Amino acid sequence: MRLSLKNRLLILLSITMLTAFVLISVLNYSTARRAITHEITSSSLPLLRENIYSEIREDFIPSMNIASMMATDSFLKNWALAGEEDTDQIIQYLQEIRDKYTYKSTFFVSALTGRYYHYDGILKNISPEDPHDIWFYDFIQSGKDFQLDVDSDEAARNRLTIFFNYRVENYNGKLLGVTGVGIVMDDFAGYLQNRQEKYNRRIFLTDHQGLIQAHSDTAKVEREYITIKPGISSIAQDILLAEDTPLNATYTGGHGKVLVTSRYIPAIDWFLIVEQDENTALSSTRAALIRTILIGIAASLLIILFSTLTINRYHARLEELATTDSLTGCANRRELEKQLERLHYRKARYGSDVALIIIDVDNFKRLNDTRGHQVGDQVLKVLTDTIQESIRPDDTLARWGGDEFVILIEDNLNAARTIAERLRYFFFKNWTEQKQEGPAISLSMGIAELGNTEDIASLIQKADGALYRAKRSGKDRIEIS
């Protein structure tokens, strides 16, 4: 369509104004970007890191103190030295600690007998052959008094837990065992998720090997290393070597530049890492850029633009309503009739094969009556999806009405039967996977081929008659006219 002179001048003026505003706005954006990035890396991100650092210390130090108190408790030592005879005493002790301080796990592992005591009894006898017990032997061998360990809690259905482990020694410094408490990783992950959502930053902790020990996504815990993770691996060694001073750095991630700050937490021997995508930080600045550009567009251009968009949108919507079934999204009866006319013409002119499949859902009315129309609609949607997967791109699927559908193909009866058999099998499989209660749902189908001298009405009548025979012969079958 040739544009009028007025429209061409309006478009030229609008483009000129828009270009000027875009250039000015981009320059302003570039300046603002540098300023914002500097502010984040030098101020806001380190400040958040320190806040999170303090909060984690406040959360973990009480647990460390409780575990330390248990390790120095004269009752626990005397009970172990007395030969661990009265099991009820240690169980009651662990229960009291658990209830008083609301921990999910409290335990004592004896180095003398190898028994693993917890608040609900004796869990097992530990063994160096058991992978779940390696932590005990590694901790003892390390010579450390305290260890923070992330592991599955066998006493709680292998729930991922952060354990605060402390050595228990007698009055002469001889090892008696290991005691401590545990907090559920999901709870701490929830804390991290809350802080991430509040500050719009990613927060996680790693050990000295770069293995993630705490994360809002527990699937990453004890599984991902920052030393091999794309992007952050480029600065991983810098993070893990920076024990004395906090580190501020950047790396290139999958979605652009990432700003990073980290700090070593000596009390728990982990590294706190806080990340922010530069693109996220600049989102408000980009929004301001877009607003500036939009303000510069002349009111007349906006009116023309919005009017054109509105007209096009409603036109497209009207075309969709005219040819599409609103529930299933497939073609409606009007569109099917149009395609029938097209293939009837091709049959007459080129001798093309044309076949029609009419599909009816068996027991559909009874399903609607017993389970409601919402389940009935779900059947129709599952059927539509199944048909779309079973037919070819050039075939036409239309909703004929109610629970009846029609497939129109430019091919012979054999091809139509192949499609019908495939559809019948996959619909049964897909609907069975829904695990819905109610009457059995299946498909009855009638197939007919357009004869050389037949009209469209004859084709539909033949297919409909075949469908009637399928229903009358017991349903869940295919009949060919």
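Mentor: A polar contact is a pair of N or O atoms within 3.5 Å; within protein, one must be able to donate a hydrogen and the other to accept it. Keep in mind that this model is predicted.

Trainee: With which side chain does the side chain of Asp277 make a polar contact?

Mentor: The partner is the side chain of Arg202, at 3.0 Å. Asp277 belongs to strand β11. Leaving out residues up to four places away in sequence, Asp277 touches Arg202, Lys257 and Val258. The C-alpha atoms of Asp277 and Asn200 are 9.3 Å apart, although 77 residues separate the two along the chain.

Trainee: In what order do the strands lie in the open sheet of 5 strands?

Mentor: First the general idea: in a regular strand, side chains alternate between the two faces of the sheet. Here the order is β8-β7-β11-β10-β9, and the pairing is antiparallel. At the edges are β8 (212-215) and β9 (247-253), each of which pairs on one side only. From one strand to the next, the twist averages 30°.

Trainee: How many bridges pair β10 with β11?

Mentor: There are 8 bridges between β10 (residues 256-265) and β11 (residues 270-277), in the antiparallel sense. Opposite Ile265 stands Trp270 of β11.

Trainee: What joins β2 to β3?

Mentor: A hairpin does, through 2 residues. Strands β2 (residues 115-118) and β3 (residues 121-125) run antiparallel and share 4 bridges. Arg115 faces Asn125 in β3 across this pairing.

Trainee: Let us turn to a helix. Which residues of α13 are buried?

Mentor: The general idea is that an α-helix has 3.6 residues a turn, so residues three or four places apart point the same way. In α13 the buried residues are Ala415, Ala416, Ile419, Ala420, Leu423, Phe427, Asn430 and Trp431. They lie on the same side of α13 because they cover an arc of only 130° around the axis.

Trainee: Which exposed residues are on the face turned away from the buried side of α13?

Mentor: That face carries Asn414, Tyr425 and Phe428.

Trainee: What covers the buried residues of α13?

Mentor: The cover includes helix α12 (373-390) and the strands β12 (355-362), β14 (404-409), β15 (442-449) and β16 (478-480).

Trainee: How far does α13 reach from its first C-alpha to its last?

Mentor: Helix α13 (residues 413-433) has 21 residues and reaches 30 Å, close to the 30 Å expected at 1.5 Å a residue. At the start of α13, a side-chain oxygen of Asn412 comes within 3.2 Å of the backbone nitrogen of Asn414.

Definitions and conventions:
Residues are numbered from 1 along each chain as its sequence is written. This is a predicted model: local features need pLDDT of at least 70, side-chain atom pairs count only at pLDDT 80 or more; totals for chains, interfaces and linings use all residues. Side-chain values use heavy atoms; hydrogens and water are left out. The expected span of a helix is 1.5 Å times one less than its number of residues. Buried means under 20% relative accessible area, exposed over 50%, partly exposed in between (1.4 Å probe, protein chains only). The arc is that of the directions from the helix axis to the C-beta atoms. Contact means heavy atoms within 4.5 Å. Two strands pair if DSSP finds at least two bridges between them. Axes are lines fitted to C-alpha atoms, for helices over the stretch in contact, and angles run from 0 to 180 degrees between N-to-C directions.
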